[in-house]
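Here's a quick briefing to read alongside the model. Have a look at the structure, then go through the points below.

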Amino acid sequence: MADIIWTKDLIKDYELGKVKVRALNGVDVTIEEGEFVAVMGPSGSGKSTLMHILGCLDRPSAGEYHLDGVRVSEMDRNQLAVVRNRKIGFVFQSFNLLPHLNLLKNVELPLMYAGLGQKNRTRKAREVIESVGLSDRWRHKPAELSGGQRQRVAIARAIVNNPAILLADEPTGNLDSQAGGDILEIFSHLHRQGNTVIIVTHDQAVAGRADRVIHIMDGRIGNGDLAG
Amino acid sequence: MAISLAESLQVGLSDILLRKVRSVVTIIGIVLGVMSIMVVLAIVNGMNKSTLDWMGERGGLTKVEVRRNWSYDFSRGGEATFTLREIRQIRALVPEAAAFNAQSQLQPQELQYGESGFVCSLLGVYPDMIKVEDWAVASGRFLNEQDVENFNNAIVLGSTVASELFGQRSPLGESVTFAGQRLVVVGVMEPKFMANQGGGSAFSDNALEYLNQRAFVPLSTLLSKIAPQERIGGFDLQAKDPEAARELRRKVNDIVLNLKRGKALFSVESAQEQLEQIRRSTMIFSAVFVLIAVISLLVGGIVIMNIMLASIKERTREIGVRLAVGARRRDIFLQFLMQTVLITGLGGILGIGSGFAVINAVGSYLQLQVLASARMIWVALLVSVGVGLIFGILPALRASKLDPVRALREE
């Protein structure tokens, strides 16, 4: 299988006032297409920073990052925006749906920025809303849904553009165990369909579903890869 | 591919509808600014139109008038009158004038026809009076050169004079008496009419009715037979076109000054130059009001800018989400710029609407002539959209510069 993510010696420095903080200190990660990977580490370990860089929301201070065969570490803001739009689907802990838009419009958002016409947008968005089991709710606003339902909308939004990777940051962190289990089931299902899924988590139970766990500590990858 | 302009407009519009109260508060300044621009332009337009109408009724823009100079100090000697001989001299010196009319007006006296009489103003004139005043006879003929040369006892009546003395009958060929002189009616003038501006007169709705109460005889007849003690107080000329009026005014001014040995007993004015002067003063008037309107638009623009800045701060997380799903800087920039432009454009449309309402109210209550034009709508619309573009740039730029990671972290 081809590598969908390949990084070499990723370094990320932050300036906190006068102090320079090194959040990532030479990270090499390789993830194959179709893998289900969990990223674990205590807070402050650099896993959020890694996730931001893998998600093309941020750029490394040094090092190389190739996503789906494209070297993205040297891209500018606008090129990264296009990469996020085409290749990455985000699922956040706090859902991050736009409160004043209904489900359909929320899910259509990536398609709008992809420049798709209204007709195709609606058709594709309805399809993925149906696939997460909310087809009768597409007119509702996020506030009218439960947390689990909101996260399913967020997943629908993440997959609507057929991205190369699904990137989830503590997707069950704000959910009860029942709803959290449902969400994990959806991720597993997406994985079985061939999607590459990367979940950042604290939760051993979540990590247990993954093919492989990447441990990160003090800005470096640990050597505790479970599935090697 | 980025999102289209139409898409940005749609996103902007839904944001506005979502925050109705805020949007309404935001646009009040723009509405007022655009409204005052509309009203000022309409009033200035109306004033220019009134002036032109009035000038036109008084003989058009080619007219040059010679009148007593009221600012001359007559205690220094000299009398602001011409003799018939002087008038003939002057007339011979300006053959390029399209028309020449010197006149002398008597105090109103009774004009008699049989048993009936009517108090009217009698004027001695030249045949060119109808050209200078842009007037015509309704029946019969006007005075001609023979009447002047031969001191004929011919008279032309104003329409009111004719109807008061003769009713429905034709006065042509009838004899009337003025100050003991028998005069034969050769013509009747067309009635002159112009609606009164600025609250109807106590006497008539027709601002030009006094002209209809006049009667005309040859100047030579008046000065030799009817009122030998009268002198000529001034005269009128007409140039071939408004541009020539300027030159004619200067030439006549020189002739008159020479004739009166350098004393500025008379003022010589051309309608064209008067109009330019009036235009200049209305320009100053309108410039002041437009300036006030512009200031209120600027204030409105600054208010909008601040509200947009606050709104962007509030919506940082939304911007973060949009960035995460693929919005580019340009998309965010356009979204917020379009939103500002939509708000000010909407304000412009409301301003145009309320401007028309105020224009109508001003027109009917103050009886002031106001004139709205299609061009004003475009000006108002362009100005309001322009304010949105100018004051929308900074907030939109700030929104587009947000860092995705930080924006997503914002609570």
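Helices (H or I, at least four residues) and strands (E, at least two) are DSSP runs, counted off from the N terminus. What you're looking at is a predicted model, so local features need pLDDT of at least 70 and side-chain atom pairs count only at pLDDT 80 or more, while totals for chains, interfaces and linings use all residues. Residues are numbered from 1 along each chain as its sequence is written, and chains are lettered from A and ligands numbered from 1 in the order in which they are written.

**Where the chains meet**

- The contact draws 20 residues from chain A and 17 residues from chain B; two residues are in contact if their C-beta atoms, placed from the backbone, lie within 7 Å.

**Domains of chain B**

- Chain B splits into domain 1 (5-54 + 278-409) and domain 2 (82-232), with bounds that come from an automatic or database domain assignment.
- Taken over C-alpha atoms, the centres of domain 1 and domain 2 of chain B are 58 Å apart.

**Helix pair in chain B**

- The axes of α9 (residues 242-259) and α10 (residues 271-314) of chain B come within 8 Å and cross at roughly 105°. Axes are lines fitted to C-alpha atoms, for helices over the stretch in contact, and angles run from 0 to 180 degrees between N-to-C directions.
- α9(B) and α10(B) are therefore roughly perpendicular to each other; angles of 65 to 115 degrees get that label, those under 35 count as roughly parallel, those over 145 as roughly antiparallel and the rest as oblique.
- Pro242(B), Ala245(B), Arg246(B) and Arg249(B) of α9(B) meet Ala271(B), Gln272(B) and Glu273(B) of α10(B).
- The residues of this helix contact divide into 3 nonpolar, 3 charged and 1 polar.

**Strand pairing in chain B**

- β1 (residues 63-68) of chain B runs antiparallel to β10 (residues 234-238) of chain B, joined by 4 bridges; strands pair if DSSP finds at least two bridges between them.
- Val66(B) has Phe235(B) as its bridge partner in β10(B).
- β1(B) is also antiparallel to β11 (residues 266-270) of chain B, this time with 5 bridges, and Val64(B) is bridged to Ser270(B) in β11(B).

**Leu10 in chain A**

- Leu10(A) sits in strand β1 (residues 3-16) of chain A.
- Leu10(A) is buried, because 26 other C-beta atoms lie within 10 Å. The cut-offs are 20 or more other C-beta atoms within 10 Å for buried, 12 or fewer for exposed, and in between for partly exposed, with C-beta atoms placed from the backbone.
- Leaving aside neighbours within four places in sequence, Leu10(A) is in contact with Leu24(A), Val27(A), Ile53(A), Pro60(A), Gly63(A) and Tyr65(A).
- Leu10(A) and Arg220(A) are 210 residues apart along the chain, yet 9.4 Å separates their C-alpha atoms.

**Positive phi in chain A**

- Cys56(A), a residue other than glycine, has a positive phi near 60°. Cys56(A) is in the loop between α1 (47-54) and β5 (62-67) of chain A, and counts as buried with 26 C-beta neighbours inside 10 Å.
- Glu170(A), also not a glycine, has a positive phi near 45°. Glu170(A) is in the loop between β8 (165-169) and α6 (177-192) of chain A, and counts as partly exposed with 19 C-beta neighbours inside 10 Å.

Definitions and conventions. Nonpolar A, V, L, I, M, F, W, Y, C, P; charged D, E, K, R; others polar.
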